[in-house]
2 protein chains.
Amino acid sequence: MSDRYLAFANSSAGQRLVKTLGLPAPLPLERWRGGRTRPVDGALLLGGEGALGQAVVPFAHKLTDALYAAHEGQHALPRWTAEHGPKLKALVFDASGLTRFEQLIELRDFFQPTFKGLANCPRVVLLGRAPESLKDPIAASVQRSLEGFSRSLGKEIRRGGVQLIYVGKGAEDQLEGALRFFLSPKSAYVSGQVVRLERCGEQVTDWTRPLAGKKALVTGASRGIGAAIAETLARDGAEVVLLDVPAVKDALDALSARLGGRSVALDICAEDAPAQLVAALADGVDIVVHNAGITRDKTLAKMSEGFWNSVIDVNLKAPQLLTQALLDAGTLQDNGRVVLIASISGIAGNLGQSNYATSKAGVIGLAQALAPALGKRGISINAVAPGFIETQMTAAIPFTLREAGRRMNSMGQGGLPQDVAEAVAWFAQPGSGALSGQVLRVCGQSLLGA
Amino acid sequence: MSDRYLAFANSSAGQRLVKTLGLPAPLPLERWRGGRTRPVDGALLLGGEGALGQAVVPFAHKLTDALYAAHEGQHALPRWTAEHGPKLKALVFDASGLTRFEQLIELRDFFQPTFKGLANCPRVVLLGRAPESLKDPIAASVQRSLEGFSRSLGKEIRRGGVQLIYVGKGAEDQLEGALRFFLSPKSAYVSGQVVRLERCGEQVTDWTRPLAGKKALVTGASRGIGAAIAETLARDGAEVVLLDVPAVKDALDALSARLGGRSVALDICAEDAPAQLVAALADGVDIVVHNAGITRDKTLAKMSEGFWNSVIDVNLKAPQLLTQALLDAGTLQDNGRVVLIASISGIAGNLGQSNYATSKAGVIGLAQALAPALGKRGISINAVAPGFIETQMTAAIPFTLREAGRRMNSMGQGGLPQDVAEAVAWFAQPGSGALSGQVLRVCGQSLLGA
């Protein structure tokens, strides 16, 4: 699908359209492939003065064997310059030391020279302290200003990804998991995002199989994004349980057989679905991914009661009921991970999707509302909000709208189911208990937002 | 300016372009004109069951003399139907009673019939309870889901505005000011916004001159948005002090003479600016509007140190220094109002505006960081984030970019300086101490966001 769009956009008609709109012609994104070991396939430049850069140094050599610093002697690393260094695949800038407005120029001073030496699809991470954690209002304002900077940088770098991670005191040891995701092609279609890491007990022990020993449930797993999530969790070592409606049981069984998992054919909106699910997961579950979702698009003026209710029931009510049942029955284990699939529509609203946007905003609300109580058991709950992802669902969108949806992001193209799956797999990791109640967009830095 | 665009967009070439992009041809927005007394020039329909609708009833007759309810006998108001009622100019739906997913259908049930009876530029407000204030996670999720609904509705209603107001317990008496703004053409270019009202001691006493007896400082007041703010604050009864750089002293003096105010010619980045301002406002100030701002656009790769620093200094550092000086000197009075001008760029980031976006995100951070301490003195601090506003600044943008910027919102057109000014004037009111640390976008529900 994505390839077909790239072919179109690079055709003469497509190029003309793209140019008329002032949008860049998209180029294929680099993605994670099996067999890779190092997250960063090239040089990593570390800059900025502060405690967070210091915290990166001890594990930085596990990310890549080509480490550089912005200044001579910093972190005992060789100094990088555009003239003498290799092309840069990854940049990490520790902005946590910036507490005065005058210091913001350091952002320009660090990044400007790198533009002459960026490799394809460079990955960039800014590290900071959450503004709300700071007493000095100027320091808080400076740290908050990083959001505007990183999102602008994302729009300038385009095919690369630029994220801002606010690291809580004591959460420095959770940086490795976050950087392994954000500095690798696993986050190929993620840009312009802001996440907050907090202290968390657990750690990944084996980075080649971070989910080893974990059992993961994925709903809506027979195809599209759900199937990609199941594959990715299995790749990372999880034992997968695939759930979908009985009508697609054959596809579900075939995939679960291939992944060495188990399938559960079940309508999640059935009255006895919670009880059936608890029974099917009698030996517990560690990771629950509520991926099943439907659209029933109509403008509100023409929205039937059936369209409205079915979307609310499948996308919002069922995940809540199932999660509660798994909690009440003790099925969801301590340090469990719940991942909900939201949508850009739930953030920005969408014409013709008032039911869908309501359900997906509610999903975000569910993650935010449940996070504090679940945190007491070490369980995290987060939402992944996909933008335009190439699936059978989006293939059904009329041509003009589809092309617009695909193009309206920093990368000028739609994402792949794998992109959503990688984000889910990161949230599912043991160390990702450092995040809860948060929303991560996988949208190529879509222009759309709120 | 706006008229020129409307003429273009409705020309045959313009229509073709607009149609190609799948965007609506814009129609002129209704705006507030002097001499009006009632906020709602037409019928208002009140719906939903809950305490907030009840709180609206006592003052609803001051908004309009044509009040209707969605159900027979509700609030002792006549029932509206599309067949028998007049066209609706304003809708208020109290969603605070929605605590279960099944109740969300009430949103559809209330709004669907109204589509057959909407007047031009209808204004819609949903009332709810802030999700974070609710203990029940389902109720919190339902209230959070209203964001997705209201933003979708805004995109379907287009020329109207749809907002969501989360009303804190005890803040019901602050609804009148919010509804006078959001249900009137004063908020013509505001849509898709979410604000939170909290308890606040002060009230407006005279709605024809809500700022009577207040002294207001406006920076960058000689032209454009700043001049519109000064005019609007003066219209609302404030004594205005207009500040701008010495180079435009003539225009500044002419405007302040017309408004019966005073002018201060001062470079806000001068070292002695804080001291000079404190001296110029020796008898105190109640309202401070930090409107002065500059752009110096370049991609980061080509951004000079001068471009970077001047934007940070004017847009971010000066407002902070001046605010602090006014606080330290006791110049800013108790129950004062500080309004900062941010930007959509500060929220979404922007290509070629890394300096500007950083400064404007920092401004948002400043409002958030200062709000708690200032609140102890009844002082509020908020940010208004304009989208594409027709000014000399935006007139200088190259044609294609400018047209795209204008079109990419629910209303298919740019806003006017007056639209920003009305939002500032609302934040400046005595009752608006109910909001602090918040950001209100004046952007026609721009597609752009984060």
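Let me start at the axis. Of the residues of chain B, Gly449(B) comes closest to the rotation axis, with its C-alpha at 1.8 Å. Keep in mind that this is a predicted model.

What does the axis do? A rotation of 180°, with 0.0 Å of shift along the axis, puts chain B onto chain A, and the RMSD is 0.0 Å. The two copies are thus related as by a two-fold rotation axis. Both copies use the same surface: 100% of the contact residues of chain B recur in chain A.

Next, the interface itself. Chain B puts 67 residues into the contact, and chain A puts in 67 residues. Between them the two chains bury about 5300 Å², and 64% of that is on carbon and sulfur atoms. Which residues of chain B lose the most area to chain A? They are Phe101(B), Glu156(B) and Leu300(B), which together make up 12% of what that side buries.

Now the polar side of the interface. Across it, 31 residue pairs are in polar contact, counting pairs with both residues at pLDDT 80 or more. There are two salt bridges between chain B and chain A. One of the salt bridges joins the side chains of Glu102(B) and Lys317(A), at 2.7 Å from N to O.

Which helices of chain B each supply at least two residues to the side that touches chain A? They are helix 4 (105-114), helix 5 (137-157), helix 10 (305-328), helix 11 (344-348) and helix 12 (354-375) of chain B. Helix 5 of chain B gives the most to that side, with 13 residues.

Let me turn to a sheet inside chain A. Strands of a sheet pair through backbone hydrogen bonds, either parallel or antiparallel. Here we have an open sheet of seven strands in chain A, in the order 9-8-7-10-11-12-13, and the pairing is parallel. Where are the edges? The edge strands are strand 9 (262-265) and strand 13 (439-442) of chain A, and each pairs on one side only. From one strand to the next, the twist averages 20°.

Look at one pair in that sheet. Strand 11 (residues 332-341) and strand 12 (residues 380-386) of chain A run parallel and are joined by five bridges. Ile341(A) has Val384(A) in strand 12 of chain A as its bridge partner.

Last, a helix on this sheet. Helix 12 (residues 354-375) of chain A lies across strand 11, strand 12 and strand 13 of chain A. Relative to strand 12 of chain A, helix 12 of chain A runs at about 160°.

How values were computed: Residues are numbered from 1 along each chain as its sequence is written. Chains are lettered from A and ligands numbered from 1 in the order in which they are written. This is a predicted model: local features need pLDDT of at least 70, side-chain atom pairs count only at pLDDT 80 or more; totals for chains, interfaces and linings use all residues. Side-chain values use heavy atoms; hydrogens and water are left out. Two strands pair if DSSP finds at least two bridges between them. Helices (H or I, at least four residues) and strands (E, at least two) are DSSP runs, numbered from the N terminus. Axes are lines fitted to C-alpha atoms, for helices over the stretch in contact, and angles run from 0 to 180 degrees between N-to-C directions. Contact means heavy atoms within 4.5 Å. Copies are superposed by least squares on the C-alpha atoms of residues with pLDDT of at least 70 in both. Buried area is the accessible area (1.4 Å probe) that two parts lose on being put together, summed over both. A salt bridge is a side-chain nitrogen of Lys or Arg within 4 Å of a carboxyl oxygen of Asp or Glu. A polar contact is a pair of N or O atoms within 3.5 Å; within protein, one must be able to donate a hydrogen and the other to accept it, and residues adjacent in sequence count only if both atoms are side-chain atoms.
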